[in-house]
Each structure stands twice: as structure tokens, then as C-alpha cells.
Amino acid sequence: PRLLVIHGPNLNLLGSREPGYYGLTTLADINLALARRAAAAGVDLDCFQSNHEGALIERIHAAHEQGVRYLIINPAAYTHTSVALRDAIAAVRIPFVEVHLSNVHARESFRHHSYFSDIAIGVITGLGSEGYLLALEYLLSRLKSD
Ligand code: DQA
């Protein structure tokens, strides 16, 4: 794929998980909307979710081998903990947009720091599932001008 969307731990529970923060949209709904928008633009997009840090890291390594151009990533709780996942993205040097459904800055202080934001193209936080589509819109326009 040219674009890869990576969802971190517990995002498989979207739709039922703390809907006040994360909404009622399921991960399947989000992935379908992203796949449809990408297909309409003639761009190949894959989505991947895992609850395992190592699996996420290995998917990022594989993305490099597949020639993926850009990532959209919601590292979920690993945002605030994972030097290893940050290092994986830095190693393969695939530019990425960081997305969070909730506004992490309006929540507990341990969510205010991200291991990803300083190496991201940009960050979308607090716009719910629409944040993914806005990130995709941005990357589609980047792909056109590449
Ligand atoms: C999240 C925010 C994180 O703090 C949290 O651990 C998540 C989801 C979000 O999308 O709002 O699992 O990344």
C-alpha cells in the first residue's frame, strides 16, 4: 500500500470503550470510511490494529519494505510510553500524521506527553473519528504534489 493506518492497543474496542471520550463509531467503521476515501482517490490504503507493541513495530518495519509513503498512526496508550515504537518509525523514516480521537491535552497530565509528536508531520487530537479522515485528506493532497 501507499498509505498505512496503524491503530494501537484497545482501539479494537471502539464503539463500546468509554464512548464519552472515544465516541460510538467502531474501528471497522473508521477503516471502511478511510478505505472508501482512499479508493475514490485511486490510492491503495491498508489498516492495521494490534494490542502488542512488537506487532506494531514489525508492521512498521514491513511498511518500509513495502514502500509505504505515509502513515497515519494512533499509537493509543503507547503514545505516552513507547520509545521502541517511536524508534521504529524514526528508523524507517516514513513520514506520519499522529491522530488521537480525544483531546489528550484536556485529560490527565500523563497523556500530555507524546513520544511521537516532535517527529510527526503534524498532530490531530480531539476531533473524534473525523480526525483520521482529515489526516487522510491532507496526505492525499501531499501524494498529489509529491
Ligand atoms: C488515544 C488517547 C490515549 O491517551 C489513550 O491511551 C488511547 C486513545 C485517543 O485516540 O484519544 O488509547 O490515543
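Why does Leu140 count as partly exposed? Leu140 has 19 C-beta neighbours inside 10 Å, so it counts as partly exposed. A residue is buried with 20 or more other C-beta atoms within 10 Å of its own, exposed with 12 or fewer, and partly exposed in between; C-beta atoms are placed from the backbone. The model is predicted: local features need pLDDT of at least 70, side-chain atom pairs count only at pLDDT 80 or more, and totals for chains, interfaces and linings use all residues. Residues are numbered from 1 along each chain as its sequence is written.

Leu140 lies in helix α5, residues 130-145. Helices (H or I, at least four residues) are DSSP runs, numbered from the N terminus. Leaving out residues up to four places away in sequence, Leu140 touches Ala41 and Val43. Contact requires C-beta atoms, placed from the backbone, within 7 Å. Val43 is 97 residues from Leu140 in sequence, yet their C-alpha atoms are 8.0 Å apart.

Helix α2 (residues 27-40) packs with α5 at an angle of about 20 degrees, and their axes are 10 Å apart. Axes are lines fitted to C-alpha atoms, for helices over the stretch in contact; angles run from 0 to 180 degrees between N-to-C directions. The angle makes α2 roughly parallel to α5. Angles under 35 degrees count as roughly parallel, over 145 as roughly antiparallel, 65 to 115 as roughly perpendicular and the rest as oblique. In this packing, Ile30, Ala33, Leu34, Arg37 and Ala38 of α2 meet Tyr132, Leu133 and Leu136 of α5.

Key: Helices (H or I, at least four residues) and strands (E, at least two) are DSSP runs, numbered from the N terminus. Two residues are in contact if their C-beta atoms, placed from the backbone, lie within 7 Å.
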